[in-house]
Amino acid sequence: MEASNTRTQTMDSHQAMWMYQKMSEIRYFEDTVHETFSKGVLPGFVHLYAGEEAVAVGVCAHLNDKDSITSTHRGHGHCIAKGCDLNGMMAEIYGKETGLCNGKGGSMHIADISKGMLGANGIVGGGFPLATGAGLTAKLQNTGGVAVCFFGDGANNHGTFHEGINMAAIWNLPVVFVAENNGYAEATPFSYASSCENIADRAASYGIPGEIVDGKDAMAVYEAAARAIKRARNGEGPSLIECKTYRNYGHFEGDAQKYKGSEEREEHLKDKDAILQFRQYMLEHNLSNEEGLNKLDEQVKASIQAAVEFAESSDYPDAGSLITDVYVDYTNTGRES
Amino acid sequence: MGRTISFSEAINEALAETMRRDKNVILMGEDVAGGAAVDHLQDEEAWGGVMGVTQGLVQEFGRDRILDTPIAEAGYVGAAVSAAATGMRPVAELMFNDFIGSCLDEVMNQGAKLRYMFGGKAKVPLTIRTMHGAGFRAAAQHSQSLYGMFTAIPGLKTVVPSTPAEAKGLLIAAIEDDDLVVFFEDKTLYNMKGEVPEGYYTTDLGKADIKREGSDVTIVAIGKQVHTALEAAEQLAAKGVQAEIVDPRSLSPLDEDTILASVDKTNHLIVVDEATPRCNVATDIAAMVADKGFDSLDAPIKRITAPHSPVPFSPVLEDLYLPSADTIVRTAMELTGEDTAMTT
Ligand SMILES: Cc1ncc(C[n+]2csc(CCOP(=O)(O)OP(=O)(O)O)c2C)c(N)n1
Ligand SMILES: [Mg+2]
């Protein structure tokens, strides 16, 4: 299979600006979390999405709040692309009460069900059956919605990959499985851990389309996603898109990344950078100009700064919330409070 | 003074010692070496596990014996069960005990049951090393203490060490043991230092250790909670209450005799277990003592555990989640009737 580069979708300036803004939000958000984490301010583990922006954004550009996504431990980018509130996200990473999960979930569990964001996930491979289930709801309730499962190259070797995709296929569910093949699962190369050359090759065994795209090229992702999502919405069943991408940072913060080659690191941080490439595309196609994009970058930076201030000035949750939300609470009304 | 090393170095030594003695001992898991098939990577630059616990082993034993696996817990844990049943003596690393959801069948229905189902004609000399414990800000899916779930399963043994020296001796014993042993490592103890003997030695499974002697109240504590209990014991001593701290070290088999003898001496029992309270090991030990040591007791048995909730992410909530020395002190004072001014 070849990476497809046929341009089938047209992009208007409004859509392009949205995509650029979301990619830029992800990049500044992650760079900021990286810096803050290195100062020892943030608790826990964080896994950063910088470098992979084109995937989440190119796919989510086609989704609305009725559509669901499942995510991974590297979930900040999916959240932003799916429209989660930046303040609520940052506050969650800080463990504050104003976080999207009231500080109970943290970076690895950020979710916003109202936006169709079914949660970052601490369990590799957790997303496959969850996306299949969301697809089942969409089909049975006839919502017109689709479910997208973002997953890593490491996750493609987990048993849930097979179980989730096979069921989506036999029930013809509106699900799109989006592989983010960044070459590594922690410190283990994809080529070592997988018996196939491409994740997309595996789609054939489920009788569903499998397409490979350059995951650093937002337009290529956008177009492949358009086809797969259209297919799902039309009741033609699931498909798989494999995006070849790269993570700019380590697996988690503190990873020395010795397993990465220095050349590949260099080229991904520079020439192959997803945002620079998309910026170039926009300029070449008169979708914006330098001034417009610079201004947008400044606005994005300010919004991330504001999110940090929001998180820092928010309170920690109160002690009482330790034991709430374990079950639905019917105590007052007889219905969920 | 003997040599002092960390809990994680002690575990590393236990693996190295057993691997030197027996070529059938292999280690399998995700990134236990790290960087498999990366040409430019020097072995000494390899991760050696997500927390660096197995660093250096690949240099000595090579990649055939320190085997990086795909993220396929059902696959490699199941393979380890069968490799064990067919002549190897594997150690499988389940990175976090929370991931047992991905391979419970392999442990519960295959590994733990083969011997019994086959009329005693099979053995499964497999050790599963796994991280547990809250306090690392790792949130709900990376912080649980699930040893109780495993202890409920006949056919496997469970070990929860609390000090570096015991971690080494118990792990060697677990690997040498011909049954499936699940070995729990508290991620917040890895940097803890302690005196650890050099070379090869074993610490018996099924034998509790009295970490502090006392006459007024027995505190049975598991894993890291041994240290919380020791801290509480210091405070209690200042108030004139002498606590005896019993560390069961292995939960299955459980050294009932040591626990019962201690309760017989102190007439009071508190069990500290950071796992959630329903059907946990604290409850199991309390029931055992109520059943077999009722006449020794002067007061009800008290259990100090986490609340019946998942582990919260926010540091302020997570700190409240874990048992504290204060709670232990308060409970012991109430129990022994030493604290008349006590209000709860
Ligand atoms: C079931 C399970 N096994 C192992 C892990 C530990 N773990 C977390 S992320 C990760 C690597 C995932 O790699 P990949 O799917 O390629 O995603 P990436 O990190 O590259 O985005 C591993 C092994 C886990 N969280 N869950
Ligand atoms: Mg990966």
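Student: Of the 21 residues around ligand 1, which come nearest?
Tutor: The model is predicted: local features need pLDDT of at least 70 and side-chain atom pairs pLDDT 80 or more, while totals for chains, interfaces and linings use all residues. Residues are numbered from 1 along each chain, chains are lettered from A and ligands numbered from 1 as written, and side-chain values use heavy atoms, without hydrogens and water. Ligand 1 lies between chains A and B. Around ligand 1 (a heavy atom within 4 Å), those that come nearest are His73(A), Arg74(A), Gly122(A), Asn182(A) and Glu73(B).

Student: What percentage of the accessible area of ligand 1 does the protein cover?
Tutor: Accessible area is taken by the Shrake-Rupley method with a 1.4 Å probe. On its own, ligand 1 has 580 Å², and the protein covers 97%.

Student: Which residues of chain A lose the most area to chain B?
Tutor: Buried area is the accessible area lost by two parts on being put together, summed over both (1.4 Å probe). Between chains A and B about 3,200 Å² is buried, 69% of it from carbon and sulfur atoms. Accounting together for 19% of what the chain A side buries are Phe45(A), Tyr192(A) and Leu322(A).
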